[in-house]
Amino acid sequence: MKVLSTATGSTVLEALVEFLAGAERHSPNDAVAPAAILWTDRDAQWRSLMPRLRSRLPQLLSFGDYALADRTGPAIWLRSVVERALPENGLPEAPTPIIYLPGISRQALRPVDECPDILKPLVELQYRGTCWTQKNGRDWTVEAFLVSSDGGLALDVARDEATRAAMLGAIGEVADTPVHRLRGKRLEREYFDRLLLEDLPRDLLRWMNDPSGTEVRWKPGRCAAFRSRCREELEFNPDKDGELVAAERLGRRLGPWESIWSRFAESPASYPQVVGLLRRAKPADLVEDQSSSWPQNNEEQEDALRESLAGLGAKPPTEAATAIRELEDVHSARRTWVWAKGGHAPLAHALGHLSRLVRAASTNLGGASLDDLGDQYATSAYEVDDAAIAAIAAVKRTADFDAVSAALDAVYRPWLEQAARQLQAIAEQNPLPCASDTDPAELVMDAGGVMLFADGLRFDVSQRLVAEMRNKGLRPSLSWRWAGLPSVTATGKPAVSPVASALAGRSPGEGFSPVTAEGGQALTTDRFRKLLASVGCEFLSPGETGDPSGRGWTEDGSLDKRGHDLEGRLAARVDPDVELLLERVESLLAAGWREVRIVTDHGWLWLPGGLPKVELPHYLAESRWARCAAIKGNASVEVPTSPWFWNIEEQVALAPGIACFTAGHQYAHGGLSPQESIVPVITVTASPATGPAVAIENISWVGLRCRVHVQGDVAPIRVQLRTKVNDAASALSQAREVDSNGDASLLVEDEDLEGTSAVIVALDIDGRPVAQTATTIGGQ
């Protein structure tokens, strides 16, 4: 199945910026942040776009002759800038530096003894950083970026030399073209040639953005034609009227200027100077239909909305909810304005989510039993939490964060408190399930299945992950279960693992961790992995895909770590972490696993305005965490208690409502609330294999040539070496048809791949994998 890119950039250039900016994504559980992103471009196809990319990516550096203003220099200078060793580097602190290397291929960055001298200072960065390449390790050419469905735009581009030449000749025009205009059509030479012809809306906007520079780049004949068309079609004289008059007419959007505005609205970021012109050209005699054209109108309304939201914190919940509905009536239209598209109406977007929260929270969470409450939360009530996260994620500035936080204090905090106390009241009569209530068979995967443990995958976040899976054509199913109490990793992670039946609980101690049932030893990481091996479950480190014919356990996701680090600011990192989890699922399925089951240990409470504090004296607790505590001896505590998941004879103290035993938390877990205790279980199955029944029987290597024998109905079968079973872009060899005896020979041309892991895939007549087996290039 071809899956289109999920890039949200309007134009090809904006999509490129989005992909480059996203290349630094990593999970802090398995890697440190990359030191740099290396962008190799052997044929320098992207070089002409560098000035425009630099204006959008302040972290972009280029390899070449030293030119500080262009953030360009030789390798030793680039290395010094990355290491922050130069006072004048001018790099922002947060984004990872991107180093563009025109004329340099990925293969040129070899070990230092083979690398050209001019590149040697950069060689080490390929190990501490990452390379922005296709998944097969090749450079991102312009053509590959446009056509690839795995990391590119998935456009239908003819693959002939004439089309390639025309495409590269029109690269500037291609960059400015909205992606939606390129979809659904066959892009051939004629299309790219037409982009070079006169386009009055585009040309006028380019001229307004940079009058003198544009005319220098144009040939005299084109300048004359441009002026003539402006006079005839727009009644505008560039020489006499100037760019300010053009900006006023653009903003008024009358007659033929409406089409100019439509083009500007498609990608305002492509014309940053036009925004300044509109600000200066705002006329005094405005009509209502034109109010959205002027940036200061949007800014004034954002300021007013910020003040209104900040004042909600002092209002009762019902008054605050009514005020949010009224504000939504006033400001919702601004989400369609061009300024919202450019990220200049964050509060208008946040307000939309607050309005959704108010609607979802209009009914309190109820239920007479644990299952009733759990089903109600998992069916619809989780949307309150999702809307709260989305509202904060929409803003960046501190003033906006504080304003939205005040609104959440008014309408979200009371709902959180009621939901927690409702669950706690039910659990006081009917405690949550413990280890003795768990069926061990539910935690065992069949052969071909792998469990993916995602730390702190809250239920509302799992709904986002499931939605993204479906967008990618996957087939997930979502259910829920109760997390073990207290809702901390030491208790909850082993409780959802295949070795839960080999564990037991003695005393919660300081860490709430079980011990091995045989021997009573502490459950260390090493013992956990040995127990996995004892039940035939392979432990897969991050990035490993293992043997998909067996059973596996792997760990990914960093929501809990980010929550403790970022507290209220976690919201902005939820979607990137969902994308990382999705990539891990895709890699496991592509490697041949038939089923991936995602499990988690606990959810979390999150409130940017801060969770309240409740007292629990130190002398009553053996250990005291944010939302739970181990009770010392036979001490009596005045807070709720619950049986420990691993030993019902042991009680743990839980903070009441949404309170914490320690102050200063915006993010916490360990207690009992729907957000902490109702956790997802996501099962993703691979598409069923169809086609002839075949098996790969024998493999032999001679150097980099692999001889394969396939047994069964081999008439239409081809074989290929890949790194991922279902990913044709990961091919390491050509696909070869097996002969009538079932034999074929595959050659790996890149000698640097010797010794790396791969998989041999048998493909049916439609290119679908029907059999696979693991191998090592060059043999063991």
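Colleague: How many positive and negative side chains does the chain have, and how far apart do the centres of the two sets lie?

Modeller: For the general idea, Lys and Arg count as positive and Asp and Glu as negative, while His and the chain ends are not counted. The place of a charge is taken as NZ of Lys, CZ of Arg, CG of Asp or CD of Glu. Here the chain has 82 positive and 107 negative side chains, and the two centres lie 4 Å apart. Before we go on: this is a predicted model, where local features need pLDDT of at least 70, side-chain atom pairs count only at pLDDT 80 or more, and totals for chains, interfaces and linings use all residues. Residues are numbered from 1 along each chain as its sequence is written, and side-chain values use heavy atoms, with hydrogens and water left out.

Colleague: Okay. How many helices and strands does the chain have?

Modeller: Both are DSSP runs numbered from the N terminus: helices are H or I with at least four residues, strands are E with at least two. This chain has 29 helices and 26 strands.

Colleague: What share of the residues counts as buried?

Modeller: Buried means under 20% relative accessible area, exposed means over 50%, and partly exposed is in between, with a 1.4 Å probe and protein chains only. Of the 780 residues, 53% count as buried. As for the surface, accessible areas come from the Shrake-Rupley method with a 1.4 Å probe, and for residues only the protein chains shown count as cover. The total is about 33800 Å², with 49% of it belonging to carbon and sulfur atoms.

Colleague: Can we try that on single residues? Is D577 buried or exposed?

Modeller: D577 is buried, because its relative accessible area is 3%. You'll find D577 in helix 28, residues 574-590. Contact means heavy atoms within 4.5 Å, and leaving out residues up to four places away in sequence, D577 touches S558, L559 and R562. V702 counts as exposed because its relative accessible area is 59%.

Colleague: What does L200 touch?

Modeller: Apart from residues up to four places away in sequence, L200 touches F226, R229, C230, E233 and L234. L200 sits in helix 11, residues 200-209, and is buried at a relative accessible area of 6%.

Colleague: What share of contacts comes from residues 24 or more positions apart?

Modeller: Such pairs account for 70% of the contacts in the chain with a separation of 6 or more.

Colleague: Which residues have the most contacts inside the largest nonpolar core?

Modeller: A nonpolar core is a set of buried Ala, Val, Leu, Ile, Met, Phe, Trp, Tyr and Cys residues joined through side-chain atoms within 4.5 Å. The largest one has 113 residues, and L309, Y412, I598 and W606 have the most contacts inside it. Helix 21, residues 370-393, gives the largest share, 12 residues. There's also a second, separate core of 40 residues, which includes F19, I37, M50 and L182. As for W606, its contacts beyond four places in sequence include A388, I389, Y412, R458 and Q666.

Colleague: Which backbone features are worth a look?

Modeller: Most residues other than glycine have a negative phi, and most peptide bonds are trans. In this model, a cis peptide bond joins L485 and P486, with omega about 0 degrees. P486 lies in the loop between strand 7 (476-482) and helix 25 (489-495).

Colleague: Where is R71 found, and what is its phi near?

Modeller: R71 is in the loop between strand 2 (60-63) and strand 3 (72-73), and its phi is near 50 degrees, a positive value. R71 counts as buried, because its relative accessibility is 17%. R253 has a positive phi too, about 60 degrees, and lies in the loop between helix 14 (238-252) and helix 15 (257-266).
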